[in-house]
Amino acid sequence: MIARVMRLGRRGCDLLEALGRAGIFVGQSAVGVPSREGWALWLRQMHFVGVLSLAIVLVSGLFIGMVLSLQGYTILVDFGAEQALGQMVALSLLRELAPVVAALLFAGRAGSALTAEIGLMKATEQLTSMEMIGVDPLRRVVAPRLWAGFVSLPLLTIGFSVVGIYGGYLVGVEWLGVFEGSYWGNMQASVAFIGDVGNGMVKSLVFAVVVTWIAVFQGYDLVPTSEGISRATTRTVVYSSLAVLGLDFVLTAVMFGGLS
Amino acid sequence: MSDTPFVVVEGLHFSRGDTEIFRGVDMRIPRGRITAIMGPSGTGKTTLLKLIGGQLSPDAGRVTIDGEEVHRLSRKALFALRRRMGMLFQSGALFSDLSVFENVAFPLRVHTDLPDAMVRDLVLMKLEAVGLRGARELMPAELSGGMARRVALARAIALDPELILYDEPFVGQDPISMGVLVQLIKRLNQALGLTSIVVSHDIKETLTIADYVYVIADGQVMAHGTPESLDVDQDPRVSQFVHGEPDGPVPFHYPAVDYFKDILSAGGGR
Amino acid sequence: MKRSKMMELGVGLFMLAGILGLVFLGLRVSGLTFQAPGDSFRLEANFANIGGLKPRARVTMAGVTVGRVAAIELDTDWYDARVILELDGDLEGRLSRDTTAAILTAGLLGEQYIGLSVGGDPETLAAGDTIRDTQSAIVLEELIQQFVSNMVSD
């Protein structure tokens with residue numbers, strides 16, 4: 001019994017220590033003025049993290065918008081309220097689905113790749129040798145990746161929403177025959193730019209920080225063996241998914257739950 | 001001159017978790033010579049290099065390089081000291097996103113403001129020294145293990161260091177590239193007047209180039225001397241290691257219960 | 001260095017697409033308009049019951065959107081709802097004094113909005129004036145109650 005309590009206590013201390021390491025880590029790497037060379041490194045990571053994730057995010061967004069429209073139509077048509085379809089599609093996408101699903105896809109596509117890449121650099125002693133040459137790997141390797149993640153995910157989320165709303169339009173208006181004017185009109189009447197688009201962006205920014213942080217830290221902190229890399233990659237996806245879904249509830253409660 | 005040691009290690013203690021890796025290691029590494037540090041695998045030879053390079057801090061004892069105590073230095077002074085050191089990693093540790101040329105140019109670009117033309121000349125000189133000037137446009141993934149290590153050597157000497165640390169330079173090399181590396185290390189040492197520390201357990205190759213040898217085992221220096229004196233050392237542990245005998249004071253068998261009892265205890269589980 | 005140029009171009013397009021997407025979300029989806037504040041004028045209208053009318057709801061005339069509800073507040077003199085309408089500047093001085101405002105519903109369960117219809121008075125409303133003739137929202141429960149009590153009394 002006592003042994004169990006002691007073990008629990010030690011696990012707790014380990015957790016706190018890891019959290020502290022992660023905090024110091026992000027503090028040391030994300031702060032500071034980027035040099036000219038830093039911009040080039042950031043650009044390269046923007047390509048890797050952002051541009052290469054664009055295809056999967058846009059395709060998913062299109063299908064989610066289409067499904068949303070189809071499901072929404074079958075429900076709304078029972079109440080004779082199918083002209084509210086645009087409003088339903090836009091609000092669900094902007095408030096919930098776009099930030100959350102884009103963040104989950106981002107964790108799977110870019111987050112795991114970041115962990116594996118940094119982990120491999122650690123396993124092949126590239127980080128150590130950089131330090132021996134006298135370059136801080138936090139600045140050179142970690143910082144550009146962090147900032148690329150922070151900027152990419154909100155942009156991807158915007159793309160997701162736009163494509164999703166268009167997908168809803170395709171199914172609702174072009175296929176099921178909802179009147180085009182009421183699709184856009186109801187949407188415009190009910191979507192508030194700050195309240196809905198803005199809050200969605202805030203959500204996605206929070207998710208971007210959390211997912212990128214988890215991915216890069218897992219890569220930097222892993223055990224440098226092939227087994228360690230595969231474990232850390234899995235951990236990145238699991239932890240970021242849980243963090244995104246949990247934080248989404250908290251943020252939704254604060255933004256739309258009338259708690260304010 | 002060669003009697004004032006370049007690197008001094010005194011009373012070094014270091015442990016990782018609950019296992020003690022070093023229990024009081026003392027070494028004096030002479031200037032301008034090749035010093036080999038040998039020992040069975042798992043004795044923490046790489047850890048020793050990391051302690052010398054200042055990447056790890058000892059629990060007790062100190063490391064002095066050219067009169068400067070490594071672990072007392074500020075971060076800035078440590079980075080300045082590291083400019084005077086080169087390190088060759090076991091895996092080469094080339095930056096996988098840069099070409100061979102950019103890898104060798106990396107330390108130059110970071111630490112100097114030389115114009116591009118001069119960087120180019122210097123890089124080509126270093127690559128010529130390791131015989132890979134023609135491979136400058138290749139990416140690290142396209143190199144063989146031996147070539148990668150030679151590129152890494154070119155990068156390690158890019159800033160003309162005074163001290164080079166070699167971490168297992170001969171591991172996993174075919175006989176030809178092993179011979180090439182042995183020659184390179186020896187030639188570089190003579191041509192540039194470097195102080196070299198070679199960590200290795202490849203006895204034959206190491207003994208041919210080393211001027212002085214330390215053998216570490218069980219967290220302590222077990223023996224030290226010139227290669228000739230170690231060859232005739234009477235200590236059974238030393239002679240077992242130097243002559244590569246399979247069994248001796250360092251047992252071949254992992255500790256286990258008696259062989260016969262183990263065989264006969266069938267049915268008693270594993 | 002052709003590859004890095006391509007990469008820069010790709011990242012540039014990516015960021016441009018993101019910004020354009022945000023503009024699309026602003027204009028097309030949330031219906032923001034770049035109208036200078038001077039281009040509109042305000043009228044007030046008191047309703048006995050506004051039902052589910054919300055700020056930013058549409059104000060229409062013959063089905064054409066001519067403005068939005070700017071604010072809704074309780075008028076403590078009369079204890080009814082004062083709705084402030086923000087209308088297109090073109091209409092200033094064109095609406096007759098006996099214009100009526102009604103709260104209408106799009107479909108059975110749809111969004112509520114305000115419909116204006118002009119009368120024949122030669123005098124016109126100026127900015128800040130109040131529309132007198134108003135028709136409150138139809139509250140479904142009240143309708144049903146009326147219907148049921150009529151049935152009982154018959």
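## The open sheet of chain B

In this predicted model, four strands of chain B make up an open sheet with the order 2-1-4-5 and antiparallel pairing. Strands here are DSSP runs of E with at least two residues, helices are runs of H or I with at least four, and both are numbered from the N terminus. Two strands pair if DSSP finds at least two bridges between them. Strand 2 (19-30) and strand 5 (68-69) of chain B each have a single partner strand and stand at the edges, so one side of each has no neighbour in the sheet.

Strand 1 (residues 5-16) of chain B is joined to strand 2 of chain B by nine bridges, and the two run antiparallel. Opposite B:Pro5 stands B:Pro30, in strand 2 of chain B.

## Basis of the values

This is a predicted model in which local features need pLDDT of at least 70 and side-chain atom pairs count only at pLDDT 80 or more, while totals for chains, interfaces and linings use all residues. Residues are numbered from 1 along each chain as its sequence is written, chains are lettered from A and ligands numbered from 1 in the order in which they are written, and side-chain values use heavy atoms, with hydrogens and water left out.

## Helix 1 of chain B

Helix 1 (residues 45-52) of chain B has six of its eight residues buried, so the helix is largely enclosed by the rest of the structure. Buried means under 20% relative accessible area, exposed over 50%, and partly exposed in between (1.4 Å probe, protein chains only). The buried residues are B:Lys45, B:Thr47, B:Leu48, B:Leu49, B:Leu51 and B:Ile52. Just after this helix, B:Gly54 has a positive phi of about 80°.

B:Thr46 also lies in helix 1 of chain B, and is partly exposed at a relative accessible area of 23%. Apart from neighbours within four places in sequence, B:Thr46 contacts B:Gln90 and B:Asp167; contact means heavy atoms within 4.5 Å.

## Nonpolar cores

A nonpolar core is a set of buried Ala, Val, Leu, Ile, Met, Phe, Trp, Tyr and Cys residues joined through side-chain atoms within 4.5 Å. The largest one has 71 residues, and those touching the most other members are A:Leu153, A:Ile165, A:Tyr183, A:Met187, A:Val191, C:Leu25 and C:Val29. Helix 3 (residues 85-123) of chain A gives this core its largest share, 17 residues.

Not counting residues up to four places away in sequence, A:Tyr183 touches A:Gln83, A:Leu85, A:Gly86, A:Val89, A:Ile165, A:Gly168, A:Tyr169 and A:Val173. A second, separate core has 35 residues, including B:Ala135, B:Ile164, B:Tyr166 and B:Leu184.

## Chains A and B as a whole

Chain B contains ten helices and ten strands, and its C-alpha trace spans about 75 × 40 × 35 Å along its principal axes. Of its 270 residues, 48% are buried. Among chain B contacts between residues at least 6 apart in sequence, 64% join residues at least 24 apart.

Chain A has eight helices and zero strands, and its C-alpha trace spans about 70 × 55 × 35 Å along its principal axes. Of its 260 residues, 50% are buried. Among chain A contacts between residues at least 6 apart in sequence, 84% join residues at least 24 apart.
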